Amino acid sequence: MILDPDVETRSWEEQLVRDDASYRAQLGYLLSRSVFYREKLRAAGVESPADAGGLVEIAALPLTEKAEIRATTSSENPIGTHLCAGTSELVRIYSTSGTTGTPSYVPLTARDLDDWVTGSARSYAASGVEAGQRIVSTYNAGPFVAGAALESFERVGLCHIPIGTGHTARVIKAIDLLRPEAAVLTPSYAAYLVEWVEEHGLDLRGSSVERVLVAGEPGGGEPALRAMLEQGWGAKVTEAMGIGDIGISLWGECEEQDGMHLGARGFVHPELVDPDTGETLPFEDGASGELVLTHLRHQAAPLLRFRTRDHVRVKTSPCPCGRTAPRVRCVGRTDDLLIVRGVNVFPTAVREVVGEFVPRVSGNVLVRPLSRGVKQDPPLPVSVELARGEAADEALADAIRDRLRDVLVVQTRVELVPWASLQRSEWKAKLVEHRP
C-alpha cells in the first residue's frame, strides 16, 4: 500500500525543487529564531538565507554535531539554544534513549508531531500492512520518541495492540489469542522470541503474523539475520529507521526488501558525508557514508546538516513498488566503528559475516576489543556463540576467522562459546564489550 501516492510517487527531481523552497524558508526561520544557528551560521558568513543559497549549495554550510547541541543545555534551558518555539507552542517533549550518551530532550509543536506521524505512517505502510489489520508492538516507548511512531499505526488504519518489552509470555499470548497480522519490534527482540518459543515448545511459524517490522537498531537488513527471522517467524521481515533528534521512522522498507525508502520526504533532506573528514559525498546509487539530515519545515528545534552517525549504503535505482524516494541500508553506527590497523570494522558487519555459518552457530556475536578507543591492534577478539547442541570445533573457528579476513580484510581471533552464553536483549543488542 502506498499511503500517500501523490507524494511518494512524485519524481525525485520535482521533490528537490519543492524541498529547495522549504529549505530556504527554514534557513530564514533558523536565523530569526535559533540562537544556536544564528551564531553558527554567522560564523560561516551567512547573515541571511540569500547568503546560503539553495539546497545545491548546502554542503558549504557547517555540519551539526550532537555534542554541540548538548553543550548549549543548562538547568535554565535543558533543551538547548537551538530551541526556536515558545513554551505555548509546544505540545510534546520527548527524550532520546540516551544510547550514545546523556538523553536529549526533543520538543515538538503540533505541526512537527503531525509531520512525524505522517512520515512514519508512510514508512510503515510500505511494509505491506493494510488498514483493518492488527499489529502488536513491543516498544516500551514511555518518554522516548518511539512513542510517536506508535501513533502512525492509527494513521495507517491498523488496530494497535501495545505490549512492550519485558512481557515475552504476554506477547506470545497476545499473538495466539488476538491473531495480529503484523508485529513490530527490534531485530534483537525478534530473534530472542524465536529462541524463546522454541525453548517453550511453541512455534511462531504457525501464528497469524505475516509481517515482522523491525526497527530501533541496525540488523534487519543483514541477509543472514533476516533469513533467520523469516524462517523462525514464517513471515516477511522489513525494516524501518528513525533518528531520535530528527524524526521517527524516517525510512521504511517496502515488500521488495531492497532498502528503506525515505518516508519523510518533504520533511527532511538527506546527504552523505565521509565519516572521517566530513566532506560531502555524492548521494547516488551505490554510494556509502555517514547519513546527514536537515529539517525542511520543522518548528520547535530544527536541525541543519545533523550528523546521524549512521553509516548507510544508498540505492537510487527504480523500485518496482513505485516509490521514487532514494533508499538506504544501514550498515552500522560510525560511533561503534573500530579501526584495526587502518581497516574500518563495524560490529554489525562482523555479525553479518558470522551469520553465514548458521545453523552451526546461533548468529550471536560479541566483539571484545583489548583496549579502549577506536584504534585496535590485530587480531581483534570475537566471541561467536555456537548453535544449540553444537560442540566447539577448531576447524569451524578457523573457517569463521578466514571468512572475516576475506570479507572485512581484518585479522581476528575467534573464540567459540557455548549456546546461550552471550546475553540476549529484549531491546537493542550489545555487540561490543571492552575488556577491563
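Asp245 sits in the loop between β7 (236-243) and β8 (247-253), where helices (H or I, at least four residues) and strands (E, at least two) are DSSP runs numbered from the N terminus. At 16% relative accessibility, Asp245 counts as buried, a label for anything under 20% relative accessible area, with exposed meaning over 50% and partly exposed in between (1.4 Å probe, protein chains only). This is a predicted model, in which local features need pLDDT of at least 70 and side-chain atom pairs count only at pLDDT 80 or more, while totals for chains, interfaces and linings use all residues. Residues are numbered from 1 along each chain as its sequence is written, and side-chain values use heavy atoms, with hydrogens and water left out.

**Around Asp245**

- The side chain of Asp245 makes a polar contact of 3.1 Å with the side chain of Lys66. (A polar contact is a pair of N or O atoms within 3.5 Å; within protein, one must be able to donate a hydrogen and the other to accept it, and residues adjacent in sequence count only if both atoms are side-chain atoms.)
- Skipping neighbours within four places in sequence, Asp245 is in contact with Lys66, Thr96, Ser104, Val106, His295, Leu303 and Phe306, contact here meaning heavy atoms within 4.5 Å.

**Helix pairs**

- Two packed helices are described by the angle between their axes and the distance between the axes.
- Helix α6 (residues 110-125) packs on helix α7 (residues 146-156) at an angle of about 65°, and their axes are 8 Å apart. That makes α6 roughly perpendicular to α7. (Axes are lines fitted to C-alpha atoms, for helices over the stretch in contact, and angles run from 0 to 180 degrees between N-to-C directions; under 35 degrees counts as roughly parallel, over 145 as roughly antiparallel, 65 to 115 as roughly perpendicular and the rest as oblique.)
- The α6 and α7 crossing is right-handed, so the near helix is turned clockwise from the far one by less than a right angle, and a left-handed crossing would be anticlockwise.
- On the α6 side, the residues that meet α7 are Leu113, Asp114, Trp116, Val117, Thr118, Ser120, Ala121, Tyr124 and Ala125. Their partners in α7 are Ala148, Ala149, Glu151, Ser152, Phe153, Arg155 and Val156. Sorted by class, the contact of α6 with α7 has ten nonpolar, three polar and three charged residues. (Ala, Val, Leu, Ile, Met, Phe, Trp, Tyr, Cys and Pro count as nonpolar, Asp, Glu, Lys and Arg as charged, and the others, Gly among them, as polar.)
- Helix α8 (residues 168-178) and helix α9 (residues 187-199) pack at about 80°, with axes 11 Å apart. That makes α8 roughly perpendicular to α9. Thr168, Ala169, Val171 and Ile172 of α8 make the contact with Tyr189, Tyr192, Leu193, Trp196 and Val197 of α9. By class, that contact of α8 with α9 has eight nonpolar, one polar and no charged residues.

- Most residues other than glycine have a negative phi, and most peptide bonds are trans.
- Val358 and Pro359 are joined by a cis peptide bond, with omega about 20°; Pro359 is in the loop between α11 (347-354) and β17 (361-367).
- Pro378 and Pro379 are also joined by a cis peptide bond, with omega about 0°. Pro379 is in the loop between β18 (375-376) and β19 (380-386).
- Arg305 has a positive phi, near 50°. This residue is in the loop between β12 (288-295) and β13 (306-315) and counts as buried at 2% relative accessibility.
- Ala420 has a positive phi too, near 70°. Ala420 lies in the segment after β20 (412-417) and, at 47% relative accessibility, counts as partly exposed.

**Other buried spots**

- Ser127, in the loop between α6 and β3, is buried with a relative accessible area of 2%. A polar atom of the Ser127 side chain lies 2.7 Å from the backbone oxygen of Tyr124. Leaving aside neighbours within four places in sequence, Ser127 is in contact with Arg211, Leu213, Thr238, Glu253 and Glu255.
- Pro187 is in helix α9 and counts as buried at 2% relative accessibility. Pro187 and Ala429 are 242 residues apart in sequence, yet 8.4 Å apart in space, C-alpha to C-alpha.
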